[in-house]
Amino acid sequence: MQVLNTIADFKQYRRGVSGSVGVVLTMGALHAGHLELVKTARAENQTVITTIFVNPLQFSANEDFAAYPRRIEPDLQLFRDAGVDAVFLPKPEEIYPEDFSTYIHVEEVSLGLEGERRPGHFRGVATVVAKLFHLTQPTRSYFGQKDAQQVVVLRQMVRDLAFPLEVIPLPTFRETDGLAMSSRNQYLTPEERLAAPIIWQAIKAAASVYEAGERDPNILRASAAEVIHTEPLAQLDYVAINDPKTLRGILEPTDQPMLLSMTVKLGKTYLLDNSLLPFHLNNRENLTQFLGSPSF
Ligand code: AMP
């Protein structure tokens, strides 16, 4: 496995690669969810490239950029064991030199949900992903459903600017108690970690209310919120129901698929999770249809 730290070295490596390329972009502190994306990329492409880059541009001033977990050596070993061909591991100044001044702002789908909670976040995500796409030149790029809005924002960017690649969302990988795997889970105290599966229970509660025939978004949201409120350590930041294709809020009952998403604060840590409704749509095929981009 090659580990490349500079744009110049990476470009030279990339020039020597032909055939299909699967790319998984990460901020490191790897867990089994990241490795699921890599496994799929490995199965479907001749070459697999990953990146580890904690992107300062997607953290706002009051967020955890400095404290974000960094574990380079174990991460590289996990990538090596997963059969990755090359890792691009740049320093912030490599990606953002002093005179850097071009930003990508995807409108509309960036505004609500996490975009509202974290102003500027998706501008940071879209800008770095555009740059990493240009460098890595994926045939297919794999993303996690956990960050559903991110997938929708990137799909929009890829369509609008005709990036010649596929954005493929894969289902959220979970701990056995249902908690969505996340690098931020390690911020949780033991008590908070025990409380955290309440988010999954809230999603399941709303999904079973949907299954019983309920289509009123307000009732579905309330059924999830009610479950979160039973956990004293958990503070519901928002629970929302949106059209998965446009991310517009759904205000009236409908039989169209819905994206139920929520962010819950446990201590100082914000955890997010989501599900398509009906629940059986949470598989690659339907996720690609609703959140991903068609093949180029
Ligand atoms: P991050 O390192 O948090 O930026 O995540 C890198 C990629 O892994 C993103 O596409 C995430 O959506 C994805 N990812 C993170 N957690 C999970 C998970 N639990 N299951 C599947 N994919 C995930």
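Tutor: A polar contact is a pair of N or O atoms within 3.5 Å; within protein, one atom must be able to donate a hydrogen and the other to accept it, and sequence neighbours count only if both atoms are side-chain atoms. This is a predicted model, in which local features need pLDDT of at least 70 and side-chain atom pairs need pLDDT 80 or more, while totals for chains, interfaces and linings use all residues. Residues are numbered from 1 along each chain as its sequence is written, and side-chain values use heavy atoms, without hydrogens or water.

Start with the backbone of Phe173. One of its polar backbone atoms is 2.8 Å from a nitrogen atom of the ligand. Met181 also uses its backbone: a polar atom there lies 2.8 Å from a ligand nitrogen. Asp147 uses its side chain instead. A polar atom of that side chain is 2.6 Å from an oxygen atom of the ligand. Now the cover. The ligand taken alone exposes 480 Å², and the protein buries 93% of that (Shrake-Rupley areas, 1.4 Å probe).

Next, the shell. It has 17 residues around the ligand (each with a heavy atom within 4 Å of it). Met27, His34, Asp147, Phe173 and Met181 come nearest. Three elements, β2 (21-26), α2 (32-44) and β5 (140-144), each supply at least two shell residues (helices are DSSP runs of H or I with at least four residues, strands runs of E with at least two, numbered from the N terminus). Helix α2 gives the most, with three residues.

Now the rings. The structure holds 10 aromatic pairs (Phe, Tyr or Trp ring centres within 6.5 Å, the six-membered ring for Trp; planes under 30 degrees apart are stacked, over 60 edge-to-face, the rest tilted). Take Phe59 and Phe65. Their planes stand at 70° and their centres are 5.4 Å apart, so this pair is edge-to-face. Phe59 is buried at 9% relative accessible area, whereas Phe65 is partly exposed at 27% (buried is under 20%, exposed over 50%, partly exposed in between, protein chains only).

Phe133 and Phe163 pair edge-to-face too, 5.9 Å centre to centre with 65° between the planes. Phe133 sits in helix α6 (residues 121-136), and Phe163 in the loop between α7 (148-160) and β6 (166-170), so the pair ties together parts 30 residues apart in sequence. Both Phe133 and Phe163 are buried. Elsewhere, ring pairs join Phe53, Tyr96, Phe100 and Tyr103 into a cluster.

Two rings carry an arginine over the face. Arg70 is 4.9 Å from the ring centre of Phe65, and Arg215 is 3.7 Å from that of Tyr210 (NZ of Lys or CZ of Arg within 6 Å of the centre and within 35 degrees of the ring normal).

His121 belongs to helix α6. It is buried at 7% relative accessibility. Its side chain reaches the backbone oxygen of Gln58 at 2.9 Å.

Thr230 lies in the loop between α10 (217-229) and β7 (234-242). This residue is exposed, with 56% relative accessible area. Its C-alpha is 8.6 Å from that of Ile198, though the two are 32 residues apart in sequence. Arg221 is in helix α10 and is partly exposed at 30%. Its C-alpha is separated by 9.5 Å from that of Tyr238, 17 residues away along the chain.

Last, the backbone. Most residues other than glycine have a negative phi, and most peptide bonds are trans. Glu108 is not a glycine, yet its phi is positive, about 60°. It is found in the loop between α4 (92-95) and α5 (113-117) and is partly exposed at 46%. Leu113 is another non-glycine with a positive phi, about 45°. This leucine lies in helix α5 and is buried at 12%. Leu277 and Pro278 are joined by a cis peptide bond, with omega about 0°. Pro278 is in the loop between β9 (269-277) and α11 (284-290).

Methods: Buried means under 20% relative accessible area, exposed over 50%, partly exposed in between (1.4 Å probe, protein chains only).
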